[in-house]
Amino acid sequence: MAAPIRVLTAVPICDGHDSAINTINLEFIRHGIEVVYLGYHRYATDMVRAAIQEDVKALGISSYNGGHVEFFSEVASLLKKQGADYIKVFGGGGGTITGNDEVIMRRNGIDKIFFAGTSLTDMVDYVHKQYGGPHKPFRGRKPSADMQLARKLTEIEDRYAGRKGKRSTLLRKASAGRLSKEKRRSKKGGTRVFGFTGPGGAGKTTLIDELVLRLRKREPKARIAILSHDPSVVGAGALLGDRATMINSQNECVFMRSMATRGQAGGLSPATEDCLKLLAQSGFDYVIIETVGTGQEAMPFQSGLVDKTVLVMNPDYGSRLQLQKIVMLDLADIVVVNKSDQERARTATAEIGRRLDQNKRSQVLVSTVANRHRDAGVDELCDLLTEQNV
Amino acid sequence: MSKLGQVVEAVENYNEFVLKEVKRARADEAFGQQMVDRWNDVKAKTPIGTAPTGLKLPRLALPEIDEAGEITRYLLGEGLPGEFPFTNGAYREMYLEPLRELEAGSSGKVGKNGKHGPSKNGKNGAKAAPSKAVEVEEPTRLFSGLGLAEDTNARFHFLTGHQRSARLSTAFDGPTLYGIDSDAEGVFGKIGEGGLAIDTYEDMVRLYDGFDMGSPAFSASMTISGPAPIIMAMYIAAAKKRFGAKVVPNLRGTIQADIFKEVQAQNETIFPTEASLRFLCDMIEWTTREMPRWYPVSISGYHIGEAGATPVQQAAYTVSNGFAYAEMLAARGIPVDQFGPRLSFFLDCGLDVEYIALARVSRRIWAIGMRDVFGAGPKAQMFKLHTQTSGRSLVAAEFKNNLTRTAAELMLAYMNGTNSCHSNSADEPFTTPSEEWIRLAAHGQAILLDESGIFKHTMNMLSGSPGMKAVERAVETAMLEEFRQIEEFGGVLPAIEHRYQRSQIQNAAHRYEQQIYDGTRPIIALTKYNDLKDEMPEVKMVRTPRAKKQLQVDRLAKFKKRNAEKAKRALDKLADVVESGKNCFPTLIETVEVCSLGQITGRLQEIVGHFRPMV
């Protein structure tokens, strides 16, 4: 089985019309395409950076409030300038994009414009037909570090595609090449790897993005990698939507990669471990990995590659009894009760605190409100993670 | 239970109350007679007008019933136009032409406090009072914005040549909607597209040039939400510059400023929701006190509808958002009878059957909720509505059909007693309307209201048909069910945080799109009778030339240079007020005199953060 086609979709700067793109995303996913969705009101530079890092086959732009000739052309020219025009640009804007516009846009490097009245089926077919082939090798001058890293990640991911059942072999191979913590540390400066997990809706993505904002402020020269996961739809593609909400992570100093779980349970993808290993060796100061929303029995970070594991909880996890069943409460280095402005948070924090005391390990409990600007809890979490003595 | 849960109970209680009263009218002869007498009185006092053909018609049409129970059901269940629960209209007489010959003593009566049902505050019963003089303003209000301020100003003058009064409606370009200056990185192509560019209050001075901003015959509407308080401050500053400070209490108009629907559907919001709501409440608190003729929020379903919601979802989310604002403003200590009358609403009107009664049901639920849950007086019970015909119902294929679509939608909007109305131009699938098509859009409304006799002789002309009643009942039941779903999350704000409304809207949008292509929803000339396929029409595109965009950037540069020193101090002062938690709106009115939109937004975002988009 071939690896699913990955495309990036987005809406241009100063445009919030996301109805069309949401519908198109859904339709793509149903037809086996993995969609990295960057969201609306996005700069051309952000789109190009994301497309390169995600190593997508194509970038789809949906524009409804004018200025499309300039915007699409800017995207195409940025891609070309970076030697990344192997990523094709397509898009549409209902009737706002005229035939004359299309002529100019195509001349400026746009692959395809879908006019008003194009059916969803036609779009899906086009993507399958035109962007379904193997990845094109880089041409011309030396590809950038982002491009090379992105391509290596693609190769790892594709290697696992369609190899259900053979996973253990691959994993063993991967483990053989695993570096010990000490060895990695001995590299210049050292890379710190943080693993974030927790149930869906706990606010992991927001928390990581707020953390990135603080890391960027404290260490402006730091390079950060994020490996984020979203679930694949059964028998279909996936919507990889974390970039859309991670506004602080769309930045030159962040390399972000979105992965679909592709049928694997437990919060990660079959290819995660190898991808993580590669990132940990790629000279980043921080590597942050986020699982999909996980269940009680999940224990995603068993590889030994993660320096600190963070379990993010929602105050409304149900009864105290439920806490006994959450395996990660035994394993996590840091437990965060996010949304701690909620009514139930005080009780939750007390209950989780007692649960952690049973473990008699030096686990830390932090309360945060990630969606509050300048939240002191997130500051504290940032301090904990960046402390030098791990 | 949030207030929304209480609203559901209040509507159910009111419906039960009506049923009980119907029974009582049948069982209790004295009460029954009282209702019949009132009915006969209303009929007797209804003036008779004359159509140009000589036909005599009552100014108010009522169902032909004479039985006490049915009369009670009508009077209490839907009410006369302008009477609680306002199903038939927020006001009397709305579209009627003035009586040619006023028969003495025959003017209609209106229930003064509009109350009939059980009430938590005050007395029952309706006192008769003379109706107000017939409004000379027509409902027509056409949304316009293109290029720079002077281009939109020219469009305003063109439009007011095609309507009786100066009722303007302003559309802003993308950078303005997102609180970004025209000189920001990457936005050059967007300047003046889809609306006009506003960077400073000087643009606002140019925008309404030649109009008497303080006149009772002038009103301006501004469709902007994310940076609404800043734009409102610019409007006030511009009016003060032209007419002096005394003009402020006379300013009439509406600013959209609806943060909830932005987060649920339209995505043009720039601060975190909590901060946006604080700035909004600051503005509402100030304007409802200082500018009593201004509507500082237009609670909008239009964009929810355009994003793909079903009509019921649209109305349910809009009305529930309205109650959430009311709850918030009441919690802040603003009296309900101060802010209530200044809340206004905005709905989409498409071609689905629900639109036959959508506004009627919305008015009824709003009135009952405001009276019985919030204790509002009659003026704060009225759901005052602006309607826009549906943009998403317009298609590019054989686009002249859009004239027919819009005409049908206009008919539905006026059947629903909208107080204000925008009709789309047929060329809108392609472009900001050109003069040719916007002129026809304006004429469409004039044909319906001035030329045709449908609405100008008789109030209530088309309301209350069995079909309309059937839709009304189904829509009300479905809207209350939506309220219960929202209440399950703990109210509007928690439901928003759980993406409830967003995901419902997105699912509906996807279903709609699929239905177009599976034939459930035939679209004429697109999926049916589409033999002219693949011909791109020749449409005049309205776009902003490069030189104009550059002019806007240059103007902004000059403004920034001229005010550089003052701007720094003004922004520091604003920041202090914002950090202090005090109402920052009065300071904002000073800030805009020396700072650009983007400068202010940027500074505020440093303090309160950025909006984190929802997928």
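In chain B, helix H13 (358-372) and helix H14 (401-415) each supply at least two residues of the lining of the second largest cavity. The model is predicted, and local features need pLDDT of at least 70, side-chain atom pairs count only at pLDDT 80 or more, and totals for chains, interfaces and linings use all residues. Residues are numbered from 1 along each chain as its sequence is written, chains are lettered from A in the order in which they are written, and side-chain values use heavy atoms, without hydrogens and water.

**Cavities**
- A cavity is a set of points on a 1 Å grid over the protein atoms alone where a 1.4 Å probe fits but cannot get out, and lining residues have an atom within 4 Å of a point.
- The second largest cavity has a volume of about 230 Å³, the volume being the space filled by probe spheres set on the points.
- Its lining has 21 residues, and B:Asn88, B:Tyr95, B:Tyr414, B:Met459 and B:Asn460 are the closest to the centre.

**Nonpolar cores**
- A nonpolar core is a set of buried Ala, Val, Leu, Ile, Met, Phe, Trp, Tyr and Cys residues joined through side-chain atoms within 4.5 Å, where buried means under 20% relative accessible area (1.4 Å probe, protein chains only).
- The largest core has 205 residues, with B:Tyr208 and B:Tyr235 making the most contacts inside it.
- Helix H7 (residues 228-243) of chain B gives the largest share of this core, 11 residues; helices are DSSP runs of H or I with at least four residues, numbered from the N terminus.
- A second, separate core has 28 residues, including A:Ile288 and A:Val310.

**Helix H6 of chain A**
- Among the buried residues of H6(A) are A:Asp146, A:Met147 and A:Tyr160.

Conventions
Buried < 20%, exposed > 50% of the residue type's maximum accessible area, 1.4 Å probe, protein only. 1 Å grid on protein atoms, 1.4 Å probe; cavity = no way out; pocket = protein on both sides within 12 Å on 5 of 7 lines; lining within 4 Å.
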